Amino acid sequence: MNRGTGSGARQGAPLTTSGGAPVEVRRSARRTRTVAAFWEDGTAVVAIPARFTAAQEREWVHRMLAKLHKQGDRRAADGRRRPATDDALAAHAAHLSAQYLGGRSAPVSVRWVSNQNSRWGSATPADGTIRLSDKLRPMPQWVIDYVLLHELAHLLVASHNAAFWKLLDAYPETQRAKAFLEGVSFATSRGLDKDGTAGSGDAD
């Protein structure tokens, strides 16, 4: 199997998803007709037949990345996947760590808490614990995932430096989720939240 980074990368512009995650195009002589796309350690992988021309590669990479994005939206909208218990939240954290951080962040415990009014989440690298505010519960799953990944990244890098934000580059909804939370904080700080379902605060 030949592993490449696509025609765009060969011209000097590395391929990325709309959310900024890296893209790897894999050509395989064993793959004759089918095309597949999947996430692997935070990289969007598109597997194509080795016989594809450069034009076919561009077309199918575009189509499959769009499909990956739609699949992510559907999963985020599926309330059945929302981790309701601490055990489910911990299992989901392990899944996110494996998908986006190579499994390097392994918290000792992950739990929902009701006493975090100024933060969406917090992490303590010294004891490997993560806490998420229960005010996140009614929010979209992709927002919860961002906060959880934010705290998982803090177990690897304590400060908000360039190395920290690079860890979150692989998650395609990082910027969208940050904007969402900033909007909620803005509205809440001005008394625009009437149902009490959202609170203001920082990710950590």
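What follows is a tour from the overall fold down to a few single residues.

This is a predicted model, in which local features need pLDDT of at least 70, side-chain atom pairs count only at pLDDT 80 or more, and totals for chains, interfaces and linings use all residues. Residues are numbered from 1 along each chain as its sequence is written, and side-chain values use heavy atoms, with hydrogens and water left out.

Let's start with the big picture. The protein has six helices and seven strands; these are DSSP runs numbered from the N terminus, with helices being H or I of at least four residues and strands being E of at least two. Of the 204 residues in the protein, 42% are buried (under 20% relative accessible area with a 1.4 Å probe and protein chains only; exposed is over 50%, and partly exposed is in between). Among contacts with a separation of 6 or more, 51% join residues 24 or more positions apart; a contact means heavy atoms within 4.5 Å.

Now for helix 3. Its 15 residues, 86-100, reach 21 Å from the first C-alpha to the last, close to the 21 Å expected at 1.5 Å a residue (the expected span is 1.5 Å times one less than the number of residues). Which residues of helix 3 are buried? They are Leu-89, His-92, Ala-93, Leu-96, Ser-97, Gln-99 and Tyr-100. These cover an arc of only 165° around the axis, so they sit on the same side of helix 3; the arc is that of the directions from the helix axis to the C-beta atoms. An α-helix has 3.6 residues a turn, so residues three or four places apart point the same way. The buried residues of helix 3 pack against strand 3 (36-40), strand 5 (109-113), strand 7 (129-133), helix 4 and helix 5 (162-167). Just after helix 3, Gly-102 takes a positive phi of about 65°.

Axes are lines fitted to C-alpha atoms, for helices over the stretch in contact, and angles run from 0 to 180 degrees between N-to-C directions.

| Pair | Angle | Axes apart |
|---|---|---|
| Helix 3 and helix 4 | about 75° | 10 Å |
| Helix 4 (141-154) and helix 6 (174-189) | about 100° | 9 Å |

Helix 3 is therefore roughly perpendicular to helix 4, and helix 4 is roughly perpendicular to helix 6. In the contact of helix 4 with helix 6, helix 4 brings Trp-142, Val-143, Tyr-146 and Val-147, while helix 6 brings Thr-174, Arg-176, Ala-177, Lys-178, Phe-180 and Leu-181.

Ala-84 is in the loop between helix 2 (54-77) and helix 3. Leaving out residues up to four places away in sequence, Ala-84 touches Trp-112 and Arg-137. The C-alpha atoms of Ala-84 and Arg-137 are separated by 8.0 Å, though the two are 53 residues apart along the chain.

Val-61 belongs to helix 2. Is Val-61 buried or exposed? Its relative accessibility is 6%, so Val-61 counts as buried. Apart from neighbours within four places in sequence, Val-61 is in contact with Leu-15, Val-25 and Val-46.

Note on methods:
Parallel < 35°, antiparallel > 145°, perpendicular 65-115°, else oblique.
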